Amino acid sequence: MTRMRFNAVEAARKPFDEVNVMHMVVEREMYDGTPAGGYEGRTDDKPRWSIFWDCDNGHLIEATKLPDAFHGTAVNVTVQGLTVERYAPQIQDGAIAAGKGWTVRDCVVRWNYALGISGRGDGCQIIDNYVHDNGQMGMGGGAHSPGIAFGMVVQGNEIANNGYWSNIDVLWEGGGCKFANTDGLVLSGNYAHDNKGTGLWTDINNIRTLYENNVLVRNTINGISHEISYDAIIRNNTFWGNGAGDTRGWLWGADLNIQNSCNCDIYGNRIEMTGGGNGAYVGMMVAVFASSATSNCAPGNDEPATRSSLAMIPR
């Protein structure tokens with residue numbers, strides 16, 4: 001198969017009937033405005049933004065290698081009211097790469113290869129955004145080890161349909177969001193739905209995390225997962241139909257997953273399992289099917305979490 005590559009300027013100089021592209025090598029593809037998934041090759045001389053036209057079937061294909069719209073070492077920056085799309089951040093980075101004291105508010109962030117928004121640094125706030133159809137994950141961050149990010153807030157966001165097209169294993173990191181190495185992270189009032197992966201996920205060294213008043217719907221792995229962390233409060237959240245895409249069996253695919261994490265208070269949650277996987281998994285080898293539980297996994301403590309009033313509708 002013959003391969004050729006050209007940019008928008010070159011293509012615009014020719015009539016479309018002279019442009020016959022059967023296959024092309026691109027960095028990040030968009031097909032008729034929809035992510036086409038991954039990349040097949042790369043060269044250093046690609047333009048930062050190219051538009052390709054396939055005359056055989058009349059579809060528009062776009063490609064970019066620009067990694068992000070915003071990043072930097074400045075503190076207390078506000079990014080507000082923007083649509084940010086079609087960037088190619090590396091895995092685990094966002095098209096908006098927010099730092100210490102940054103606020104990202106009221107933005108639409110979509111169609112970016114890895115994350116829509118990454119937040120790294122004390123006091124970073126991600127509030128009231130619509131983050132959807134990003135390749136790896138909607139948002140994430142925290143701090144790189146051995147650092148800790150203090151006082152981050154993720155509030156009032158709609159996080160939808162992320163994780164489907166960048167070909168990254170969502171069991172490693174993908175879906176709605178994932179944070180690591182935080183102290184006092186608040187995830188409140190978010191609507192995370194239809195993500196390939198986990199809706200809201202804290203994994204590795206998160207302490208004093210608060211999950212409250214979130215709605216988690218039809219995420220393929222978990223609604224909420226708190227993993228290798230401790231001292232969390234998970235309260236007044238609503239779960240429905242999460243875990244249907246987890247094929248590992250056993251107790252995986254739970255709406256609520258507490259894995260290898262200590263001192264977690266879980267209460268006031270509603271878990272409806274219709275169309276989903278398991279209800280709740282708490283501890284290391286312990287499963288509970290209740291909306292209120294306390295997990296204390298101090299060394300040597302492998303006892304079941306306490307079971308109290310049920311607010312779960314079984315399948």
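This is a predicted model: local features need pLDDT of at least 70, side-chain atom pairs count only at pLDDT 80 or more; totals for chains, interfaces and linings use all residues.

Me: Why is Thr202 called buried?

Reply: Its relative accessible area is 0%. Buried means under 20%, so Thr202 with its 0% is called buried. This residue lies in strand E21.

Me: Which residues does Thr202 touch, not counting those up to four places away in sequence?

Reply: Thr202 touches Phe179, Leu185, Leu187, Thr209, Tyr211, Ser225, His226, Glu227 and Ser229. Regarding one of these, Leu185, the separation from Thr202 is 17 residues in sequence and 9.3 Å in space, C-alpha to C-alpha.

Me: What makes the pair Thr202 and His226 a polar contact?

Reply: The side chains of Thr202 and His226 are joined at 2.6 Å. A polar contact requires a pair of N or O atoms within 3.5 Å, one able to donate a hydrogen and the other to accept it. The value of 2.6 Å is within that 3.5 Å limit, and the pair is therefore listed as a polar contact.

Me: Where is Asp194 placed, and how do you know whether Asp194 is buried or exposed?

Reply: Asp194 is in the loop between strand E20 (191-193) and strand E21 (198-203). The relative accessible area of Asp194 is 16%. Because buried means under 20%, Asp194 with its 16% is buried.

Me: His193 and Asp194 make a polar contact; why does such a pair count when the residues are adjacent in sequence?

Reply: Residues adjacent in sequence count only if both atoms are side-chain atoms. Here the side chain of Asp194 meets the side chain of His193 at 2.7 Å, so the pair qualifies. Leaving aside neighbours within four places in sequence, Asp194 is also in contact with Asn161, Asn162, Tyr164, Val217, Arg218 and Asn219.

Me: What is the volume of the largest pocket, and which residues are the closest to its centre?

Reply: The largest pocket has a volume of about 260 Å³. Of the 16 residues lining the largest pocket, Gln92, Arg120, Gly141, Glu173 and Ala180 are the closest to its centre. Strand E10 (115-120), strand E13 (137-142) and strand E17 (175-180) each give two or more residues to that lining. The lining divides into 6 nonpolar, 6 polar and 4 charged residues.

Technical notes
Residues are numbered from 1 along each chain as its sequence is written. Side-chain values use heavy atoms; hydrogens and water are left out. Helices (H or I, at least four residues) and strands (E, at least two) are DSSP runs, numbered from the N terminus. Buried means under 20% relative accessible area, exposed over 50%, partly exposed in between (1.4 Å probe, protein chains only). Contact means heavy atoms within 4.5 Å. On a 1 Å grid over the protein atoms alone, a cavity is a set of points where a 1.4 Å probe fits but cannot get out, and a pocket is an open set with protein on both sides within 12 Å along at least five of seven lines; lining residues have an atom within 4 Å of a point. Grid points are joined across faces, edges and corners, and a volume is the space filled by probe spheres set on the points. Ala, Val, Leu, Ile, Met, Phe, Trp, Tyr, Cys and Pro count as nonpolar, Asp, Glu, Lys and Arg as charged, and the others, Gly among them, as polar.
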